[in-house]
Amino acid sequence: MRKQLVFGLAVAAVCLYFAFRGISFQELGLALRAAHFRWIGLALIVYTVGYLLRAWRWEILIRPIRAVPAKQLFGPLVLGFFANNILPFRMGELVRAHITGQKFNISRTASLGTILLERLCDALSFLSTFVVAALCFPFPKEAKMGAAVMALGCLAITVGIWWTIGYQHRLRNFLEWTSLPTRWKKRLVHLVENFVNGVSGLHDISYVVESMSLSLVIWTLEGTVIYLIAHAFATHLSYPQSFFLLFFMGLSVTLPQAPGYVGTVELFGIGALALLGIRRELALPIILTIHGTQFAYIVVLGCWALWFEGLTFKNISSVTSERSV
């Protein structure tokens, strides 16, 4: 964990250096103070609706395991995003799976399977923002390559899940046939069974349609949040431009990073706005406000969720050492 954190902080430091290079901190402070906060308040309302829809979507995704109301899933969901802000390398997914498993007495591996499906829905919806924005703006070759790699990754994960579901028994027989120690075999077979249980809803068309429909709405709201926050500044973004920026900021969180995606979001955000002809000194206040607002919102909501769930920061940071499946 410590090595990962040090690496993430090093990446953040490099990205922040290039993001802030040549920027006047006095002018930056003036630009931030001049922001119209009513737009940010409106953006927070939309952002809250997005998280409520995420809990609803997770209720659908976890349905094959057991029926859990969205209101009971909201706390663990928020804690997962909160942990992503304070732990490196998206370890919040493990935190959410662990908390969900303990709270509802289900397998952590099965819970992780539902989170994998959620991330797949997010990735496919996120790619749709690329398609929409590409109709309005020319993307650099590197961005197109990033979208293509992500699309191939989604395809590979989908095929892998379908194969695991369809050939579960063959995989189990193969594991039994190997010369692995018996306790390892039992553990691997148990993991496969739990994982398949978590993703088994993928065979249900209505399950897929409901999940993807909500995902598209969620990502539309994400673009709307950026649009509203940008309107707090003199440099307004059009609605299509907001999705152009959303795509680049989304790409930034796929890289190795520090807790809270600090540095990578700023550098990618400024780069995206530069492609739209917006100077760095005008772009940086917008990106800092978008990132800072979302970060602060999740921290506040995460602290509430910790209290509501009866947990502590220590509980979250120690999750990765747990061995339950």
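The axes of helix α3 (residues 37–61) and helix α6 (residues 108–134) come within 10 Å and cross at roughly 125°. Helices here are DSSP runs of H or I with at least four residues, while strands are runs of E with at least two, both numbered from the N terminus. Axes are lines fitted to C-alpha atoms, for helices over the stretch in contact, and angles run from 0 to 180 degrees between N-to-C directions. The structure is a predicted model, in which local features need pLDDT of at least 70 and side-chain atom pairs count only at pLDDT 80 or more, whereas totals for chains, interfaces and linings use all residues. Residues are numbered from 1 along each chain as its sequence is written, and side-chain values use heavy atoms, with hydrogens and water left out.

The angle between α3 and α6 makes the two helices oblique to each other; angles under 35 degrees count as roughly parallel, over 145 as roughly antiparallel, 65 to 115 as roughly perpendicular and the rest as oblique. The crossing of α3 and α6 is right-handed, a term used if the near helix is turned clockwise from the far one by less than a right angle, with left-handed used if the turn is anticlockwise. On the α3 side, Arg 54, Arg 57, Trp 58 and Leu 61 meet residues of α6, among them Ser 111, Ile 115, Glu 118 and Asp 122. Contact means heavy atoms within 4.5 Å.

Helix α6 also crosses helix α5 (residues 92–104): their axes come within 8 Å, at an angle of roughly 135°. This angle makes α5 oblique to α6, and the crossing is right-handed. Residues of α5 including Glu 93, Arg 96 and Thr 100 meet residues of α6 including Arg 108, Leu 112 and Glu 118. Asn 105 lies in the loop between α5 and α6. Asn 105 is not a glycine, yet has a positive phi of about 55°. Most residues other than glycine have a negative phi. With a relative accessibility of 71%, Asn 105 counts as exposed; the term applies over 50% relative accessible area, buried applies under 20%, and partly exposed lies in between (1.4 Å probe, protein chains only).

Glu 118 lies in helix α6 and is buried, its relative accessible area being 0%. Apart from neighbours within four places in sequence, Glu 118 is in contact with Arg 57, Trp 58, Leu 61, Leu 77 and Arg 96. Glu 118 and Arg 57 are 61 residues apart in sequence, and their C-alpha atoms are 8.0 Å apart in space. Arg 96 has its charged end over the ring of Trp 58, 4.5 Å from the ring centre. A charge sits over a ring if NZ of Lys or CZ of Arg is within 6 Å of the ring centre and within 35 degrees of the ring normal. In another such arrangement, Arg 54 lies over the face of Tyr 51, at 5.7 Å from the ring centre.

Across the whole structure, 17 aromatic pairs are found. One of them joins Tyr 47 and Tyr 51, which are edge-to-face, with 5.2 Å from centre to centre and 85° between the planes. Rings of Phe, Tyr and Trp (its six-membered ring) pair if their centres lie within 6.5 Å; planes under 30 degrees apart count as stacked, over 60 as edge-to-face and the rest as tilted. Tyr 47 and Tyr 51 are 4 residues apart in helix α3, which means a separation of about one helical turn. Both Tyr 47 and Tyr 51 are buried. The pair of Phe 247 and Phe 248 is edge-to-face too, because the planes stand at 90°, with the ring centres 5.9 Å apart. Phe 247 and Phe 248 are both buried.

Phe 126, Phe 130, Phe 137, Trp 219, Phe 244, Phe 247 and Phe 248 make up one aromatic cluster. Of these, Phe 130 is placed in helix α6 and is buried at a relative accessible area of 15%. The C-alpha atoms of Phe 130 and Phe 247 are separated by 6.1 Å, although the residues are 117 apart along the chain.

A further crossing involves helix α10 (residues 205–230) and helix α13 (residues 280–309), whose axes come within 10 Å at roughly 125°. The crossing of α10 and α13 is right-handed.
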